[in-house]
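Student: I am new to this structure. Please take me through the disulfides closely, and then through the aromatic rings.

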Amino acid sequence: MARLLLVAALALACVAAVSAIPAKCDSPKQWFGQVSVYEAHRRQRGEVRGDYFYDETNQRKARYERAHFNGTNERLHIIELFNDKKYYEINLDTGACRSGNLQYPFVKHGVPSNGTFRGDFIIGTTAIDGAGVEIETWTEEFEHDSQKFYWLGEFTRVGCIPVRTVVQGDRGDFFSEAFADVVPGIPDPNAFIVPSSCN
């Protein structure tokens with residue numbers, strides 16, 4: 001009888017542990033927000049913040065950046081068109097445009113289908129009612145051009161809103177993006193339009 005109770009207790013503990021892992025949530029496929037970004041290949045830029053436009057449906061991203069480094073400021077419009085494998089960097093102060101081929105894949109700001117739940121935490125506090133936001137952490141490993149990448153994403157438990165994305169490649173490629181003030185939808189589709197100065 002004692003063995004039966006022990007087996008039942010262990011089975012109940014396993015069910016409780018499995019039920020504690022949340023289901024993969026669905027993030028908005030198109031949204032706008034504020035971003036703080038760090039990219040290893042652009043470390044000379046220092047602190048970079050800006051407006052961020054995300055369109056998973058058409059695999060494109062755009063940023064209006066406000067970069068600050070060593071007392072100087074730069075305003076840039078970055079457009080990444082993954083279906084075309086092209087990027088554009090427009091200096092909004094001079095009008096100069098640089099373009100090139102994208103060397104990395106479209107990284108979704110959503111929980112991957114084979115993502116692994118790593119835990120959750122509270123931003124703020126639960127000690128005061130309404131003063132905390134529960135955040136889930138998910139990870140995934142993937143390959144691109146014979147390079148292994150480790151992806152980490154953080155999302156609000158309610159609404160599955162992206163909070164932070166970090167991607168690290170085994171050859172040193174790295175970027176980190178933190179998001180705030182996220183609003184579903186694309187308020188300005190012109191963010192993805194390449195200006196004629198780039199053609």
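Tutor: A disulfide here is a pair of cysteine sulfur atoms within 2.5 Å. Such a bond is covalent and joins the sulfur atoms of two cysteines. The model is predicted: local features need pLDDT of at least 70, side-chain atom pairs count only at pLDDT 80 or more, and totals for chains, interfaces and linings use all residues. Residues are numbered from 1 along each chain as its sequence is written, and side-chain values use heavy atoms, with hydrogens and water left out.

The count is two disulfides. Start with Cys 97 and Cys 198. Their sulfur atoms are 1.9 Å apart. The torsion about their S-S bond is about 110°, so this disulfide is right-handed. Cys 97 lies in strand β6 (residues 97-101) and Cys 198 in the segment after β11 (174-184), so the pair ties together parts 101 residues apart in sequence. Strands (E, at least two residues) and helices (H or I, at least four) are DSSP runs, numbered from the N terminus. Cys 97 is partly exposed, at 25% relative accessibility. Cys 198 is buried, at 15%. Buried means under 20% relative accessible area, exposed over 50%, and partly exposed in between, with a 1.4 Å probe and protein chains only.

Now the other bond. Cys 25 and Cys 160 have their sulfur atoms 1.9 Å apart. The torsion is about 55°, so the disulfide of Cys 25 and Cys 160 is right-handed. Cys 25 sits in the loop between α1 (2-19) and β1 (30-39), and Cys 160 in the loop between β9 (147-156) and β10 (162-169), so the pair ties together parts 135 residues apart in sequence. Both Cys 25 and Cys 160 are buried. With the bonded cysteines numbered in sequence order, the pairing is 1-3, 2-4.

Next, the rings. Rings of Phe, Tyr and Trp (its six-membered ring) pair if their centres lie within 6.5 Å; planes under 30 degrees apart count as stacked, over 60 as edge-to-face and the rest as tilted. There are 14 aromatic pairs. Phe 53 and Tyr 64 have ring centres 6.0 Å apart and planes at 80°, so the pair is edge-to-face. Phe 53 lies in strand β2 (residues 47-55) and Tyr 64 in strand β3 (residues 60-69), so the pair ties together parts eleven residues apart in sequence. Phe 53 is buried, with a relative accessible area of 4%. Tyr 64 is partly exposed, at 22%. Ring pairs also link a cluster: Trp 31, Tyr 52, Tyr 54, Phe 82, Tyr 104, Phe 106 and Phe 179.
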